[in-house]
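Reader: I have just opened this structure and would like to learn how to read it. Could you take me through some features, one at a time?

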Amino acid sequence: MSDANSKIIPIAKAGNGGDGGSAAHRQLKISVLRYNPQEPSQPPRMQTYPLEEADGMTLFIALNEIREKQDPSLQFDFVCRAGICGSCAMVINGRPTLACRTLTKSLGAEFTLAPLPFFELIGDLSVNTGKWMRGMSERLGGWLHMKEPNPDLRRAEQKMDPDLADKIYELDRCVECGCCVAACGTARMRKDFVGAVGLNRVARFRLDPRDARTDDDYYEVIGDDDGVFGCMSLLACHDVCPKDLPLATQIAFVRRKMVSLGWS
Amino acid sequence: MESSNQLIAGIGLAGTARKSRWPARLDFIQSGTGLVLALFMWGHMFFVSTILISNDAMWTITKFFEGYFFFGKSYPIMVSFVVATVITLLVVHAFLAVRKFPINYRQFTTFHGHMKMMRHEDTTLWFWQALTGFALFFVAAPHVYIMLTHPELIGPFESGDRVWTGHYWPLYILLLLAVELHGGIGLYRLAVKWDWFAGPDPAATRKRLKTLKWALTVFFLALGFATLAAYVKIGIAHAPDYGKPYVPAALQAAPQGVNK
Amino acid sequence: MKIIYTDVLVIGGGLAGLRVAIGAKRRGHDVVILSLVPPKRSHSAAAQGGMQASLANVIKGQGDTEDIHFEDTVRGSDWGADQKVVRMFVNTAPKAVRELAAWGLPWSRVRRGDRTVIINGQKVTITERDEAHGLVAQRDFGGTKKWRTCYVSDGTGHAMLQTVSDQAIGAQIPVHERTEAIALIHDAGRCYGAIVRNLITGELVAYVAKATCVASGGAGRIYRVTTNAVICEGIGSALALETGIARLGNMEAIQFHPTGIFPAGILVTEGCRGDGGLLKDVDGHRFMPDYEPEKKELASRDVVSRRMEEHIAKGKGAKSRFGDHIWLDITLLGEQHIRHNLREVFEICHYFMGVDPTKDWIPVRPAQHYTMGGVRTNHTGESPDLKGLFAAGEAACWDMHGFNRLGGNSVAETVVAGMIVGEFIADYCDRLDNEVDIPTSLVHDFLKREQGKLDTLVDGRGTEDASAIKAEMQDLMTAKVGIFRRGEDLQAAVDELQRLLVRSRNIGLREKARGANPELVTAYRVQKMLKVALCVAYGALVRTESRGAHFRQDFPRRNDAEWLKRTLASWKGEETLPSLAWEALDVGTMELPPGWRGYGAKDYVDHPDTPGRAADVDAVKAKMADASRFDVQEALMPYDELLPEPLRGRNERIDEPMDKTCESGK
Ligand SMILES: Cc1cc2nc3c(=O)[nH]c(=O)nc-3n(C[C@H](O)[C@H](O)[C@H](O)COP(=O)(O)OP(=O)(O)OC[C@H]3O[C@@H](n4cnc5c(N)ncnc54)[C@H](O)[C@@H]3O)c2cc1C
Ligand code: HEM
Ligand code: HEM
Ligand code: SF4
Ligand code: F3S
Ligand code: FES
């Protein structure tokens, strides 16, 4: 193990990119789909930025460098820049994914960036996923409906099976990045579809013994073609989810539960 | 109840009423009809492909379905019943499935553009499923109609004649391609939609399902084209005697002997 | 011009802001939350490690109480904390964990029976009690005597934010996302809300409120190497500062986290070390025991960070093209543990460095991590200077962290402060004399003033480049106001920052759009950030002692005689330096008089009152040897009446069952 320090470990470059090492770096050509709805006179267009790659360059570093050095008007959203907040989802070479944790070296020298489809466009690569997510949450009742609304906080917490807690967390890991919805052909065709993120929310609360709701209640919010029955099992949601949520199995599970109500 | 529901919907209060259970049932029925149809198509393919064994084999199967071996006499009407059932399933299935189609050009282009952009296999497969489903409306109709109306015209020569002299072979090529693609994808989709073969590793399961799906499609297409070729061959050979039914060798000899 | 009226305006949709809002809303007040980003993306989501609360469920936490949590926190703070606030905090923390549990947070739970853990590099088998099975679990964290950190796998902050944010949605609290408060509206010593910029349209709107609460998080981005999100720019604190009335406390107290991934600064959680990860140098040698034989890797953050830098300075760092660093070795925890319990760490290593932490060591070096200072408030969360202005969370100097906060005490603070301050804000709004009574003309004046500033930036003839100034500031802070501080560096930093501040008044924009315009945002923010940075650098320059995270090489001793006091910074008009004042801490009322922290240097100068107070405390303890710990505590430093009524009372534990007769707690 002590030989680990002799290993050459690729190291991410901090801050705002720049020189990097001695090795010759690729000349990147980054094409960005640009459009600002506030200035509708300028139609949507592709704009290509040349950029010298640096060691361990992520799209966070690359885009910030472009904004600082080439084009101060370029819009995009990063918050945590560590792949944990879900802000920076965009379409990279046709696939929705998190930009901040995409290393440029994992892409060709020329690649394209576009905003997530489906969501309201704010400008360039920035979309209003937050607004949609809040709407989805309000529509589904995306919060725990307590069985006992005023617990005595001085008393020990209610016990829970450790495995069940882990299972719930597994579904709670969603960062609401919107990749699953943007990748879903159903959602693209039908604006009111709740999307995998919504169905996963329902699965999560359904699993939680602290929630007061029953399947009948969940049926009220997702028991139609805008809900679970609208899903055509395209599974792109599952394949793009950057947090690897088990969306396919969860949607199937919810579907089985909801269908079983159809005959009861 | 129903009428009060209508009233509620009529004055725009549908959203506040308890939700209908029908969407759940319809989803189930859509899958159920699809499954039955797909399984029927497997059976169907094995039956018609008996022609590859021998004319007699095909004849035997045909007669079996006409009840010949039970009643000593053929009742083609029995086939009509089966056909009618299948047609019903088809109609129900198609009726439910078209709800999923793009309802206008805009939706179509959105989906199509989305598919092109994503290059995601399962999304692309759905497009093909919908497209073949759409094609099936047209190409399945003449076939099932003729089966419904002329159940007696099934047999090695009768079928061969229809395929070749009756110019059904181009239709069958399309029908075969459409139904195998559609059914294969459909079965795969059913498996993932309901998580039938849930294993400890869903990704691996899905990969296996996908492989199985393609293997089945290839197998049935191969079998289908071989079968179609067999009918074409018979049809060409039998063209001069177009319309003459097939009588197995065994039966040809015996009745002659009896009559004499 | 648009004016929005509400009872409570909360600036910030992180854990603190959301919890404050829920508290006020439950009491029947209208609340609006502002947030730069959708609330679930606030930086609270990044907290991986956990939240401290003395539940004492796990066997290694057995015997833990509020008392021990209190002592750990005060020692951690290097006696800079307000001990009454710490008491309020430690007593409410278990309630906060339990509230979150009731709200659906999937806390990791205790599993009965044996399990193997790594303590001190050794595999040890511990046995959890049957009666603890299914209760909230705790893990080990730096600077604590007991295992006290409650966690949700390694996504504690994420899960907490999800839960609290969901409850806020359930409570129908509107969150105005993608809006930014750019100035506080105030008049005659009272705060009336804020001028807010819509980040999508660029429109300015005035939000007028009875009570305004700054919950805008930390200011890490004044540094270049930081674990903080890009939105942690200290704007909320700057707004308070710019009123010229409200003051910021202890801004020089900046925490550096030992394990920022080198060189990007992305954090790998303290849980790595808590679970048994080791720090190694260029030779693969585990060096922490050489410096800190007692707590080793788990000494408090300021100590570990300093020891790492010290070791690197001795030439013992591993070399790389970006400079020297230390290795974090978690391979001994095993693949199962890393992939399951430290999954985020695994992902970060995998995605950002292409490193597999189950096999490879992780390059780390300390990075700016936490802002102990912030808007100075009293125990109710209200500014003592500007009425109607409240603060909570990392943006506040409520002062439970003093000069160094313990890992896991911060997310705990956000929800605890949220619970407490939320009640006090509701009380404030209940009082009739706190109705809003300002003329709209005043609001318009503020709107016009702020619009004018923005217009100058967009239309002016400035020539300075905003992002260049920002980068210079960040480099300066990292280089000169970092872990090791020296008078001349600090002086140079203060001088240079002042120059940058002057230059920042002459920024010109290349991009002239008034709506969404990232360059404009950088421009007006950097003007504010420089003021915050100056409070940090100047406060550090003047404080000629070492305390907690503030370490002066030229004044290495803690000096209670002169510096047992809180720095208060305010900003007057167009000045280029803050005005500093100091608020002494009262040794005479401390429950835990200043002493040695139990790790780090033993060398400090006592406050003249310390021996006397220490004797008093000992006497009380001796006299009450047979009394319950609650009675002793009450005798030493009563605090109960400071808490809002609904939050008072003891906390049940396995070993401290709450019998029916003492239902009412105390
Ligand atoms: C990487 C990392 C890991 C951490 N891990 C732990 C841990 O394990 N345990 C622990 O206890 N602590 C941890 N911390 C610290 C802890 O996460 C934070 O201190 C805490 O979450 C801060 O919460 P907050 O609500 O005060 O602020 P934030 O969560 O930062 O929220 C700030 C909010 O204010 C809004 N805002 C800011 N400025 C404005 C403005 N001008 N106008 C409008 N809105 C504004 C933002 O949009 C955001 O919603 C960690 C910190 C980091 C950086
Ligand atoms: C007129 C003929 C048909 C049309 C228009 C049609 C259309 C469709 C469509 C659009 C779907 C996708 C539905 C969805 O994604 O939810 C579908 C599913 C399916 N179809 Fe068909 N189809 C037809 C005939 C058939 C036939 C003949 C078979 C048998 C081989 C079949 C088997 C299936 C199966 C198994 C599914 C999956 C069901 C599900 O997802 O619930 N279909 N069909
Ligand atoms: C309902 C009862 C059905 C009966 C009794 C039936 C019977 C037959 C028969 C006898 C043939 C041989 C050719 C011929 O005689 O024309 C045939 C061929 C075929 N049928 Fe059907 N069929 C039925 C339904 C369907 C349906 C629903 C489909 C697909 C939607 C279908 C698709 C095909 C195809 C593709 C062929 C050509 C196969 C080949 O030669 O490889 N059939 N069918
Ligand atoms: S389910 Fe996955 S893809 Fe969808 S929003 Fe959540 S994290 Fe993103
Ligand atoms: S991609 Fe869409 S259709 Fe269903 S399986 Fe996923 S939600
Ligand atoms: S910026 Fe947070 S996930 Fe990318």
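Author: Gladly. Let us begin with a cut-off: a residue is called buried when its relative accessible area is under 20%, exposed when that value is over 50%, and partly exposed in between. Please keep in mind that this is a predicted model.

Reader: Then is R101(A) buried or exposed?

Author: R101(A) has 8% relative accessibility, and because buried means under 20%, R101(A) counts as buried. R101(A) also forms a salt bridge with E347(C), with 3.6 Å between the closest N and O atoms. This pair crosses between chains: R101(A) sits in the loop between β4 (95-98) and β5 (110-114) of chain A, while E347(C) belongs to helix α10 (residues 343-353) of chain C. E347(C), at 9% relative accessibility, is buried as well.

Reader: What is the general idea behind such a pair?

Author: Side chains of opposite charge can pair when their charged atoms come close. Here, E347(C) also forms a salt bridge with K243(A), where the closest N and O atoms are 3.2 Å apart.

Reader: Which residue does R201(A) meet in a salt bridge?

Author: The partner of R201(A) is D166(C), at 2.2 Å from N to O. That bridge, too, crosses between chains, from helix α6 (residues 195-207) of chain A to helix α4 (residues 156-170) of chain C. R201(A) is buried at a relative accessible area of 2%, and D166(C) is buried at 3%.

Reader: How many salt bridges are there between chain C and chain A?

Author: The count is 12. To read an interface, look at the residues taking part and the area they bury. Chain C gives 101 residues to this contact and chain A gives 84. Together the two chains bury about 7,500 Å², with 53% of that on carbon and sulfur atoms. Two pairs of chains touch, and A and C have the most contacts.

Reader: Where does chain B come in?

Author: Chain B touches chain A, using 35 residues against 39 from chain A. On the chain B side, K19(B), R21(B) and M118(B) lose the most area to chain A, together 18% of what that side buries. The two chains bury about 3,400 Å² and have five salt bridges between them. One of these joins D239(A) to R206(B), whose closest N and O atoms are 2.7 Å apart. No contact joins chain B and chain C; their closest C-alpha atoms lie 16 Å apart.

Reader: How many helices and strands does chain B have?

Author: Chain B has 11 helices and zero strands. For the overall form, compare the radius of gyration with that of a compact globule: for 260 residues this would be near 18 Å, but chain B has 23 Å. The C-alpha trace of chain B spans about 80 × 45 × 40 Å along its principal axes.

Reader: And what should I look for on the surface of chain B?

Author: Look for nonpolar side chains that lie together. Chain B has a nonpolar patch on its surface with about 1,200 Å² of accessible area, including F46(B), F70(B), Y75(B) and M78(B). Helices α2 (22-48), α3 (55-65), α4 (68-71) and α5 (76-97) of chain B each supply at least two of the patch residues. F70(B) lies in helix α4 and has a relative accessible area of 58%, so F70(B) is exposed by the over 50% cut-off.

Notes: Residues numbered from 1 in each chain as written. Chains lettered and ligands numbered in written order. Predicted model: local features only at pLDDT ≥ 70, side-chain atom pairs only at ≥ 80, totals over all residues. Heavy atoms only, no water. Patch = residues over 30% accessible without salt bridge, like charges linked within 9 Å, V, L, I, M, F, W, Y side chains within 5 Å. Areas by Shrake-Rupley, 256 points an atom, 1.4 Å probe, with all protein chains shown as cover. Salt bridge = Lys/Arg side-chain N within 4 Å of Asp/Glu carboxyl O. Helix = DSSP H or I, 4+ residues; strand = E, 2+ residues; numbered from the N terminus. Buried < 20%, exposed > 50% of the residue type's maximum accessible area, 1.4 Å probe, protein only. Rg over C-alpha atoms; globule rule 2.2 N^0.38 Å. Contact = heavy atoms within 4.5 Å. Buried area = accessible area lost by both parts, 1.4 Å probe.
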